[in-house]
Each structure stands twice: as C-alpha cells, then as structure tokens.
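The sequence and the structure are shown first.

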Amino acid sequence: MHRQSMWIVGQMVVSLCTSLALAQFPRECVTPEGLRSGQCCPSPTGVAADECGSSTGRGQCVTIATDSRRHGPQYPYAGRDDRERWPLRFFNRTCQCNGNFSGYNCGRCKHGLTGLNCDQRISVVRKNIQQMNIAEKQAFINALDQAKRTVHPNLVICTRRYQEVFGPDGNTPQFENITIYNYFVWSHYYSVSKTYLGPGQASFGGVDFSHEGPGFVTWHRFHLLQLERDMQDMLGDPTFALPYWNFATGGNECDICTDDLLGARSTFDMNSISPNSTFSEWRVICESVEDYDALGTVCNSTESSPIRRNPAGNVARPMVQRLPEPQDVLDCLELKTFDTPPYYSTSSESFRNSIEGYSAPQGMYDPVIRSLHNLAHLFLNGTGGQTHLSPNDPIFVLLHTFTDAIFDEWLRRHQPGEIVYPEEDAPIGHNRRFNMVPFWPPVTNAEMFVPAPENLGYSYEVQWPARPLTLSEIITVAIVAAVVAVAAVGGVIACAVRARSHSSAEALEPLMAETYRRYSEEDRRLDKSQSVV
C-alpha cells in the first residue's frame with residue numbers, strides 16, 4: 001500500500017513539473033545576440049517585457065539545471081561534444097511553465113489539455129491502424145504527407161557544431177528551416193550521430209543519446225509526443241492521434257505495406273515502394289554520414305534518395321525474416337526489473353533491453369539475438385533498418401507507437417515509480433535527470449517515465465494477447481476439475497442412496513403401515529376433505 005501511495009505521489013509531482021518541450025531551438029532565439037546571451041525566454045505575446053508569459057502567470061525565465069552525476073564508461077571524453085550536459089553549450093536559461101501551460105514560451109497547453117486556461121481535458125487515443133476505417137486511414141496518410149511538406153512554424157535546426165555556429169563571418173548563425181516531418185527525422189539523427197574529434201581523426205561512434213540505455217523508451221516516447229503535437233497544430237485538431245502497428249504477428253509479411261497504408265513493394269524494384277503509394281515520392285535526409293563525420297558538419301534539410309524497403313528480404317540473416325511473436329510481448333511484459341547494470345545493450349533480465357531488442361523477450365542477453373523493436377526494424381530491411389536513417393520511413397512512427405504502448409502497459413502493470421530508473425552510471429544521455437538530446441526546452445528522462453493517460457494526455461486502445469497456460473497450470477486445472485467432478489458424482493450417488501434407504505424404511509415401519517396408511521386414488525375421490533400424508 002505504501003509503495004502504491006509513493007507511486008501516486010510521484011506521478012502527481014512529475015505531472016506538475018512536466019511541460020512540452022521541442023527539439024533544437026525556436027527561430028526567435030537563434031540571433032547572434034540571443035546565442036551570445038545564452039538566454040532563450042521568448043514572450044508568447046511578443047511583448048519584450050513579458051518573458052515566458054510572466055505577466056499573466058504562465059511561466060518564468062530560469063537557469064537550466066543539468067545532470068552532473070557520473071555516467072557509464074562507454075563515452076570516455078569530456079568537453080568534446082556539444083551534447084554533453086545538454087543544452088548548456090547553446091543556452092543556459094529557458095522558460096519554466098506553471099500549471100498546465102507548456103511550450104518554449106509557455107504559450108500553449110500541455111498535451112491532452114485545451115482552453116484559455118488549459119483546464120479542459122481532451123481525448124487523444126492511439127489506435128491500431130488496421131482497426132481504423134478507410135476514411136481514418138486515409139486522413140492519417142494525408143496528414144503524414146502534409147507534415148513532410150510543411151515548414152515547421154517555430155523551429156530551426158543547427159547545421160554546424162557550436163564552434164562554427166556563428167558562420168564564417170562570426171555573425172551569421174548556421175541554422176535552417178525544416179519541415180515538420182523532416183525535423184522529426186533530424187532529431188533522431190542528431191541524437192545518434194558520432195562525436196567529431198577533429199580534422200584527420202576518426203569520429204567516435206561509441207555514443208548514442210537515444211538507444212542502448214534506459215533512455216531508449218523515454219527518449220522515443222517524447223520524440224513521438226512532439227510529432228503528434230506538431231501535427232495537431234498543423235491540422236488544427238487537438239484530438240489527432242498517431243496510430244500504431246502491432247508488429248508482433250510472428251509472420252513474414254508486412255501487413256501495413258499496402259498502397260492504401262504505408263506503401264506496397266514495387267513490382268519493378270523489390271527494394272522500392274510502389275509508385276501507387278504517396279511514400280514513393282518521399283526523399284530521405286541525413287544520408288551523408290561519412291561527410292558529416294569527416295568534415296565535422298551536421299545533417300541539414302537537404303533531401304536525397306527515395307525510401308528503400310524490402311520486408312523479410314534479408315536472406316543473409318534468416319533470423320530477421322520473421323516478425324516477433326505475440327508471446328514475445330507477453331514474456332517481455334512479465335519482466336519485473338526495468339533495467340539492470342551496466343544499463344547498456346548487454347544488460348540481462350532487463351525489461352528495457354528486451355523491449356529494445358538486444359535481449360531475448362524472456363530477459364536473457366545473447367549477442368546474437370535481435371528481438372521485438374530491433375527485430376521489427378531489421379525485418380523492414382532498408383531505410384528503416386539503419387539507425388541514423390530509420391525515421392525517414394514513416395513505418396518508424398507506427399513501429400514506435402506500439403513499442404511505447406508496451407512500455408506504458410509495463411508501467412501500468414508494475415507501477416515501479418521513478419526510483420527504479422538509474423540515477424547514475426547509465427551511458428551518457430541516459431541518467432534519470434539528463435536533459436534528453438536535442439529537445440527544447442529541456443526535458444529529462446524522468447519526466448517521461450510516467451503512465452501516459454494520467455500524465456501525458458494520451459492513451460492506447462490495445463487488446464493484449466492472453467497468456468497461454470503453462471503445463472503445470474494445465475495439470476493443476478485438470479486435477480481441480482477432476483476433484484470437482486468426483487465430488488459432484490459422489491453427491492448425486494449419496495442423495496440417491498439416502499432416498500432409497502428412506503423409502504425402504506418407510507415400507508417396513510408398522511406405524512406407517514397401519515395408522516398413517518396412504519389413501520388410494522379412489523378413496524381420495526370419495527372424500528376430498530381427507531388430507532393425504
């Protein structure tokens with residue numbers, strides 16, 4: 001009871017502290033003056049003296065707190081990467097919003113709320129895309145395509161490391177506009193990119209701010225939340241929800257790879273998307289990783305090649321030619337421990353490492369195994385199977401909403417509380433209080449480690465598969481059923497014997513034969529006033 005109470009209190013505290021952040025930086029903050037000041041506290045009304053809506057109590061400008069605890073040994077450097085102690089290399093002051101207000105300037109409501117005072121709750125329900133009607137499916141596909149072509153109204157991306165961010169002349173910040181969906185792709189790329197060590201040196205690849213650690217589930221949760229919110233604003237529909245793809249079918253077919261959904265396989269090129277699909281026209285960004293690593297540049301918004309996809313087509317790796325099984329999801333949900341040392345891709349008996357897919361669904365680590373999330377990506381065999389490129393394939397969205405649904409169900413079943421999330425010794429970027437890269441305003445892993453319906457304003461409509469009985473359970477049920485059956489038969493026999501014994505005794509009893517003799521039917525007809533014993 002005490003554990004549940006602490007869990008509820010923790011939820012309330014986090015709910016009060018969480019505000020919707022956005023990745024990279026607001027356009028109005030990336031002026032030479034804004035960057036040099038280290039402050040990004042815009043006014044929601046555009047009035048200079050109204051930082052963060054302070055005049056109406058929406059928020060205030062505060063100093064950014066960052067995680068200073070020890071991280072794991074995977075990243076051996078200090079001061080070499082702009083993402084260390086995010087986002088202090090760029091800004092050290094930001095808006096902190098009050099109550100239900102949110103956003104980089106406290107000008108909007110938290111997810112799942114609306115109204116002038118952000119006190120009206122709305123329903124945002126993520127559904128299985130296969131269970132949506134034709135109109136709902138088409139509306140979602142159209143919305144994705146619109147997001148791919150719509151410039152983000154508020155945010156810009158940095159295309160250079162901070163050392164070069166002011167440009168060749170020292171006064172031209174190196175930032176670019178980007179579309180809503182490409183920004184979703186760019187955020188993921190930026191979190192996994194290598195650390196540039198200097199000209200002539202190989203970039204360091206043993207760093208990942210969004211994978212291979214406890215932050216995998218929290219980072220991707222916020223990543224989706226941000227896209228969903230941006231698309232709600234784009235559509236003018238606060239109830240818009242991202243659907244999910246239940247990839248745990250155990251099959252070797254991609255059931256959403258059809259032209260009315262995410263695109264069928266082309267009949268001309270088995271690695272391409274059918275020209276009948278909207279997504280055959282999409283082009284990827286962040287493809288030139290060799291150039292970024294060699295030149296020390298950052299991915300920009302330039303689009304290049306079409307999406308590649310060949311589900312179950314990797315004949316060199318038979319183990320990734322089938323999707324996860326429904327039982328894999330159930331096994332993963334039964335793991336009681338969120339994560340285990342070293343809080344990395346080598347962890348055993350870890351729910352996080354199992355859902356991410358580096359351990360077996362039952363929790364055992366094996367370097368050969370790829371399961372659940374990882375297996376679904378590798379099954380796609382193309383753009384979606386490469387970490388730095390994967391969000392370019394829109395299947396990424398539906399794959400990760402289902403992964404998030406599993407995470408949310410685990411939180412609901414186990415009610416672990418924030419304390420189980422490692423406070424230190426996780427890989428850099430994955431400690432509990434680390435500000436997730438590259439979201440803005442800063443948002444920590446802890447703020448996403450909460451049940452979504454009560455704290456984040458959305459829920460899932462999922463029918464989880466039932467767990468089959470084990471052999472011992474089947475034997476137990478059979479024994480209990482047999483005992484009940486024997487008891488029932490015994491009861492019937494006992495009643496029959498008792499009734500027969502009673503009848504026999506009545507026939508032999510003298511008093512019953514003489515004084516209390518039953519009347520015949522003829523006697524009863526003659527005298528109907530006579531009672532019958």
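A residue counts as buried when its relative accessible area is under 20%, as exposed when that area is over 50%, and as partly exposed in between. Cys 158 has a relative accessible area of 2%, and therefore it is buried. Cys 332 is also assigned to the buried class, because its relative accessibility is 0%. The model under discussion is a predicted one.

**Disulfides**

A search of the whole structure identifies 7 disulfides. Among them are the links of Cys 97 with Cys 106, of Cys 109 with Cys 118, and of Cys 254 with Cys 257. The table gives the computed geometry of these links.

| Disulfide | S to S distance | Torsion about the S-S bond | Handedness |
|---|---|---|---|
| Cys 97 and Cys 106 | 2.2 Å | about -95 degrees | left-handed |
| Cys 109 and Cys 118 | 2.1 Å | -80 degrees | left-handed |
| Cys 254 and Cys 257 | 2.1 Å | about 70 degrees | right-handed |

For Cys 97 and Cys 106, the torsion of about -95 degrees is the reason that the disulfide is left-handed. The link of Cys 109 and Cys 118 is left-handed as well, with -80 degrees about the S-S bond. In the disulfide of Cys 254 and Cys 257 the torsion is about 70 degrees, so this link is right-handed.

Cys 97 has a relative accessibility of 8% and so counts as buried. Cys 109 and Cys 118 are both buried. The description buried likewise applies to Cys 254 and to Cys 257.

**Packing of two helices**

At what angle do helix α3 and helix α4 pack? Helix α3, comprising residues 134-149, packs against helix α4, comprising residues 180-192, at an angle of about 80 degrees, and their axes lie 4 Å apart. Angles of 65 to 115 degrees count as roughly perpendicular, so α3 is roughly perpendicular to α4.

On the α3 side, the contact is made by Leu 144, Ala 147 and Lys 148, while α4 contributes Ile 180, Tyr 181 and Asn 182. By residue class, the contact of α3 with α4 consists of 4 nonpolar residues, 1 polar residue and 1 charged residue.

Methods. Residues are numbered from 1 along each chain as its sequence is written. This is a predicted model: local features need pLDDT of at least 70, side-chain atom pairs count only at pLDDT 80 or more; totals for chains, interfaces and linings use all residues. Side-chain values use heavy atoms; hydrogens and water are left out. Axes are lines fitted to C-alpha atoms, for helices over the stretch in contact, and angles run from 0 to 180 degrees between N-to-C directions. Angles under 35 degrees count as roughly parallel, over 145 as roughly antiparallel, 65 to 115 as roughly perpendicular and the rest as oblique. Contact means heavy atoms within 4.5 Å. Ala, Val, Leu, Ile, Met, Phe, Trp, Tyr, Cys and Pro count as nonpolar, Asp, Glu, Lys and Arg as charged, and the others, Gly among them, as polar. A disulfide is a pair of cysteine sulfur atoms within 2.5 Å. Buried means under 20% relative accessible area, exposed over 50%, partly exposed in between (1.4 Å probe, protein chains only).
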